[in-house]
Amino acid sequence: MMARFAAVLLVPLLASPAVQAASITNTDPAAVVLVITESGQRVEVVVDAGASESLCSSGCFMTTPDGDRIGLDGGETIEIVKGSAVVK
C-alpha cells in the first residue's frame, strides 16, 4: 500500500518537463533596466554591470534598454552589449 502511494506521488514529478529560464548577462559597464512581461505581468528588472540573471521560465517578452522587444521561450542565453541584446 505504501509503495503504491509513493509511486502515485513520484510519477507526476518524473513526467513533468524540465523548467528552463533565459540567462541574461550584462556586459555593459553600468546597470541596465529590462522590462519583462510574463503571464500578463510587467516587471522592471535591474541587471547590474557584469551580473547575470535567470528570467522567463515560462516564456516572456523582454524590452531592452534600446527599445527592442524580444520574445523568449526560456532557454536562451542573452548578453546585453552597449544597451542591445545579443541572443545566442
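I began with β6, where Ile70 and Leu72 form a covered face and Arg69 and Gly71 an uncovered one. Strands here are DSSP runs (E, at least two residues), numbered from the N terminus.

I noted the ground rules. This is a predicted model, in which local features need pLDDT of at least 70 and side-chain atom pairs count only at pLDDT 80 or more, while totals for chains, interfaces and linings use all residues. Residues are numbered from 1 along each chain, and side-chain values use heavy atoms, without hydrogens and water.

Next I looked up the partner of β6. β5 and β6 run antiparallel, joined by four bridges. Strands count as paired if DSSP finds at least two bridges between them. Met62 stands opposite Ile70 in β6. Five residues lie between the two strands of this hairpin, and Gly67 there has a positive phi near 95°.

I then turned to the open sheet. Its four strands run in the order β4-β1-β7-β8, with mixed pairing. The edges are β4 (52–55) and β8 (84–87), each pairing on one side only. Inside, β1 (22–26) and β7 (77–81) pair in the parallel sense over four bridges. Ile24 faces Ile78 in β7.

Which residues does Ile78 touch? I listed its contacts (heavy atoms within 4.5 Å). Among them are Ile24, Met62, Leu72 and Val86, leaving out residues up to four places away in sequence.

Note on methods: Buried < 20%, exposed > 50% of the residue type's maximum accessible area, 1.4 Å probe, protein only.
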